Amino acid sequence: MEEKCYVFVYGTLRMGQRNQHVLQNSVRGAAQCYTNGELYDSPYGYPFLKEDETGRVYGELYEADQELLIKLDDFEGYRGPGKNNHYNRTIKTVTTDIGTVQAFVYVLPEDGDRYKLQYIEGGDWSVYSLLKNKESFLYFAYASCMDDERFIRSGVKHCFLNVEGRGILRGYKLRFVKKYSDGGRADIVEEGGIVEGKIYEITKEGLAYLFKREGVKKGCYRPIVLEPQLNGKKLMNVLSFTVVEKDSETSPPKSYLQEIFRGGSDVLSPEYLENLKKEISEKFGLQ
């Protein structure tokens with residue numbers, strides 16, 4: 001039996017990108033993962049990962065076999081070690097929400113300076129390309145951002161009037177893994193399960209508010225792209241936010257939980273809300 005290996009993709013091969021069809025028959029092991037490096041845009045409309053030990057490049061992890069690697073080598077212009085390659089293929093450590101694996105990654109070759117590259121802050125091609133090309137966005141809110149009262153106090157209620165409905169995100173669980181002085185804050189962790197949330201249509205004004213609220217510049221949360229279902233239909237390129245450095249779970253403040261349940265009461269299913277209350281009660285002893 002052929003040994004299973006992995007490949008990490010970070011550009012146009014990702015779900016929702018123009019070349020996702022190349023991996024359409026492959027098993028995706030993680031949609032939210034990263035490896036060390038820096039991400040750069042090129043004049044050709046696709047990115048390169050440059051080796052770097054301090055930065056992060058976000059992408060997706062797929063199971064691979066020899067047949068797929070041959071296909072990807074051809075697609076990425078990799079001809080072998082020491083050859084005139086468009087990309088080099090190397091092995092890097094990839095971090096997922098449940099652990100680390102070794103995976104093949106296609107990276108910038110040694111002579112890559114010839115490509116006239118532009119650094120991508122944040123290291124996520126899917127987010128970068130979405131924000132670059134659109135003026136309005138679908139946004140998946142799963143915690144206190146479902147609550148209108150905070151929007152009203154901040155003077156941005158007008159940015160969150162267009163509620164599309166209940167989003168169902170499969171493959172994730174709601175965890176309180178962002179630790180603040182008064183308790184934990186919510187995150188979606190890719191470890192199996194279902195998270196329900198509100199899907200809004202927002203403009204760049206609403207997005208700017210969310211970036212500030214989620215502490216993106218401070219490195220608290222980062223924007224991500226998801227594929228939730230709405231009315232039984234899978235949506236592509238829906239924005240949300242996830243914790244950058246996940247802590248161990250911490251009991252959330254009661255006021256924060258009130259925002260979650262108040263905000264979700266008009267859209268989320270009664271079954272989901274009841275199960276969430278039960279889980280929080282059993283885990284943290286909160287009612």
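Select R185 and Y256 to start: the charged end of R185 sits over the ring of Y256, 5.0 Å from its centre (NZ of Lys or CZ of Arg within 6 Å of the ring centre and within 35 degrees of the ring normal). This is a predicted model, in which local features need pLDDT of at least 70 and side-chain atom pairs pLDDT 80 or more, while totals for chains, interfaces and linings use all residues. Residues are numbered from 1 along each chain as its sequence is written, and side-chain values use heavy atoms, without hydrogens and water.

Next, select F176. Beyond its neighbours within four places in sequence, its contacts include R185, Y256, I280 and F284 (heavy atoms within 4.5 Å). F176 is also among the residues with the most contacts inside the largest nonpolar core, which has 54 residues (buried Ala, Val, Leu, Ile, Met, Phe, Trp, Tyr and Cys joined through side-chain atoms within 4.5 Å; buried means under 20% relative accessible area, exposed over 50%, partly exposed in between, with a 1.4 Å probe and protein chains only). Apart from this core lies another, of 35 residues, including C5 and Y106.

Now select F211 and F241. Their ring centres are 5.7 Å apart and their planes at 85 degrees, so the pair is edge-to-face (centres of Phe, Tyr or six-membered Trp rings within 6.5 Å; planes under 30 degrees stacked, over 60 edge-to-face, the rest tilted). F211 is partly exposed at 26% relative accessibility, whereas F241 is buried at 3%.

Finally, select R89, whose charged end sits over the ring of F104, 4.8 Å from its centre.
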